[in-house]
Amino acid sequence: MTSPTASGAVAARVTTRIDDLVVGIREVIQRAQSPELTAHLVGELLAPVLGTADLLTAAQCEGDPDSYRQHLLHAEPDGSFSIVTLVWLPGQQTQIHDHVSWCVTGVHEGQERERRYRLTTDGRTSRLIPTEDVVNPTGAIAAFAPPGDIHRVRNSCSTKAISIHVYGADIARLGTSIRRIYRAPEGEQ
Ligand SMILES: [Fe+2]
């Protein structure tokens with residue numbers, strides 16, 4: 001993902017759990033493996049902390065009535081990875097997008113629904129084909145690396161949803177992990 005409402009380029013104070021996660025991710029990245037394997041290993045680090053009460057501060061759980069909201073938790077000084085949390089109020093969703101880097105997401109609270117797409121072209125025009133609908137409950141991990149990472153995500157529960165996202169990019173500098181926004185197929189909002 002993400003986000004139209006980045007909370008600023010400077011990461012806020014984080015909890016000990018996030019500090020520990022940063023140390024673990026740094027060790028994974030220093031092994032310099034493929035993007036796919038890096039994302040898989042980062043997912044293994046993220047999974048055990050999802051749903052824990054002391055993962056985020058109260059400020060990092062605040063949403064925005066106008067749009068889903070991004071809070072920057074950590075941006076590695078060398079630009080190799082970043083951690084953000086996304087807070088979604090009921091019904092909020094992303095546009096269809098892909099990403100600038102490998103990405104790992106984990107649902108910390110609530111439930112998110114993800115629709116994945118494939119881009120096809122006949123040489124003159126291209127169009128998106130929905131390929132899969134996935135429901136991600138609290139604790140679910142998704143790890144992926146471009147290409148083939150086109151999707152949209154929405155909060156599909158009646159309460160707030162919060163997810164943790166790790167990107168192999170400097171989100172403090174970029175402001176977003178989105179590489180490109182795609183127009184929704186006919187019939188989709
Ligand atoms: Fe995304």
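This is a predicted model: local features need pLDDT of at least 70, side-chain atom pairs count only at pLDDT 80 or more; totals for chains, interfaces and linings use all residues.
Residues are numbered from 1 along each chain as its sequence is written, and side-chain values use heavy atoms, with hydrogens and water left out.

**Strands and their pairing**

- Helices (H or I, at least four residues) and strands (E, at least two) are DSSP runs numbered from the N terminus, and two strands pair if DSSP finds at least two bridges between them.
- Strand 9 (residues 161-167) pairs in the antiparallel sense with strand 2 over seven bridges, and six bridges join strand 9 to strand 4 (residues 103-109), also antiparallel.

**Burial**

- Seven of the seven residues of strand 9 are buried, so the strand is largely enclosed by the rest of the structure (buried means under 20% relative accessible area with a 1.4 Å probe, protein chains only).
- Both faces of strand 9 are covered: Ala-161, Ser-163, His-165 and Tyr-167 lie on one side, with Ile-162, Ile-164 and Val-166 on the other.
- Strand 1 (residues 69-75) has five of its seven residues buried, so it too is largely enclosed.

**Nonpolar cores**

- A nonpolar core is a set of buried Ala, Val, Leu, Ile, Met, Phe, Trp, Tyr and Cys residues joined through side-chain atoms within 4.5 Å.
- The largest core has 25 residues, of which Ile-83, Trp-102 and Val-166 touch the most other members.
- Helix 1 (16-30) gives the most to this core, five residues.
- Apart from it lies another core of 13 residues, including Leu-86 and Cys-103.

**The largest pocket**

- A pocket is an open set of points on a 1 Å grid over the protein atoms alone, where a 1.4 Å probe fits, with protein on both sides within 12 Å along at least five of seven lines; lining residues have an atom within 4 Å of a point.
- The largest pocket has a volume of about 220 Å³, the space filled by probe spheres set on points joined across faces, edges and corners.
- Among its lining residues are Leu-119, Arg-127, Arg-180 and Tyr-182.
- Strand 6 (126-136) provides the largest share of this lining, three residues.

Methods: Buried means under 20% relative accessible area, exposed over 50%, partly exposed in between (1.4 Å probe, protein chains only).
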